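Please keep the viewer open as you read.

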Amino acid sequence: MNPRLHDGVSLFDRGDYWHAHEAWEDAWRADDAPDRDYHKGLIQLAAACWHLRRANHRPLAFLLT
């Protein structure tokens with residue numbers, strides 16, 4: 001497993017959503033495995049959490065629909 005995936009989990013658990021998003025995106029770009037869509041979902045979830053924290057409702061709604 002790509003170490004950046006583990007990095008992203010640690011960052012997400014600390015509430016550092018933007019950096020988790022970045023770590024997972026790095027792993028996603030380098031991956032062509034069948035679970036690539038799952039990783040994309042993690043990226044979008046982290047971005048949504050970041051927008052929620054900043055009260056950016058329009059991009060939050062876009063990511064969650």
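The report below goes through the helix pairs, the nonpolar core and a few individual residues.

## About the model

This is a predicted model, in which local features need pLDDT of at least 70 and side-chain atom pairs count only at pLDDT 80 or more, while totals for chains, interfaces and linings use all residues. Residues are numbered from 1 along each chain as its sequence is written, and side-chain values use heavy atoms, with hydrogens and water left out.

Helices here are DSSP runs (H or I, at least four residues), numbered from the N terminus. Two packed helices are described by the angle between their axes and the distance between the axes. The axes are lines fitted to C-alpha atoms over the stretch in contact, with angles running from 0 to 180 degrees between N-to-C directions.

## α1 against α2

Helix α1 covers residues 3-13 and helix α2 covers residues 17-30; their axes come within 8 Å and cross at roughly 165°. The two are therefore roughly antiparallel to each other, a label given to angles over 145 degrees. Their crossing is left-handed, meaning that the near helix is turned anticlockwise from the far one by less than a right angle.

On the α1 side, the contact (heavy atoms within 4.5 Å) involves Arg4, Leu5, Asp7, Gly8, Val9, Leu11 and Phe12, and among their partners in α2 are Tyr17, His19, Ala20 and Trp24. The residues of this contact of α1 with α2 divide into 9 nonpolar, 2 polar and 4 charged. In this scheme Ala, Val, Leu, Ile, Met, Phe, Trp, Tyr, Cys and Pro count as nonpolar, Asp, Glu, Lys and Arg as charged, and the others, Gly among them, as polar.

## α2 against α3

By class, the contact of α2 with α3 has 11 nonpolar, 2 polar and 5 charged residues.

## α3 against α4

What is the angle between α3 and α4? They pack at about 155°, with axes 8 Å apart, and are therefore roughly antiparallel to each other. The crossing of α3 and α4 is left-handed.

Gln44, Ala47, Ala48, His51 and Leu52 of α3 make this contact with Pro59, Leu60, Leu63 and Leu64 of α4. The contact of α3 with α4 comprises 7 nonpolar, 2 polar and no charged residues.

## The nonpolar core

Which residues make up the largest nonpolar core? There are 10 in all: Leu5, Leu11, Ala20, Ala23, Trp24, Ala27, Trp28, Leu42, Ile43 and Ala46. Such a core is a set of buried Ala, Val, Leu, Ile, Met, Phe, Trp, Tyr and Cys residues joined through side-chain atoms within 4.5 Å. The elements giving two or more residues to this core are α1, α2 and α3, and α2 gives the most, with 5 residues.

Trp28, one of the core residues, touches Arg36, His39, Lys40 and Ile43, not counting residues up to four places away in sequence.

## Residues to look at in α3 and beyond

Histidine 39 lies in helix α3 and is buried, with a relative accessible area of 6%; buried means under 20%, exposed over 50% and partly exposed in between (1.4 Å probe, protein chains only). Leaving aside neighbours within four places in sequence, histidine 39 is in contact with Leu5, Trp28 and Asp31. Alanine 48, also placed in α3, counts as buried at 3% relative accessibility. With the sequence neighbours up to four places away set aside, alanine 48 touches Leu60, Leu63 and Leu64. The C-alpha atoms of alanine 48 and tyrosine 17 are separated by 8.6 Å, although these residues are 31 apart along the chain.

Finally, alanine 55 sits in the loop between α3 (36-53) and α4 (57-64). Its phi is near 60°, a positive value in a residue other than glycine. At 45% relative accessibility, alanine 55 counts as partly exposed.

Conventions
Parallel < 35°, antiparallel > 145°, perpendicular 65-115°, else oblique.
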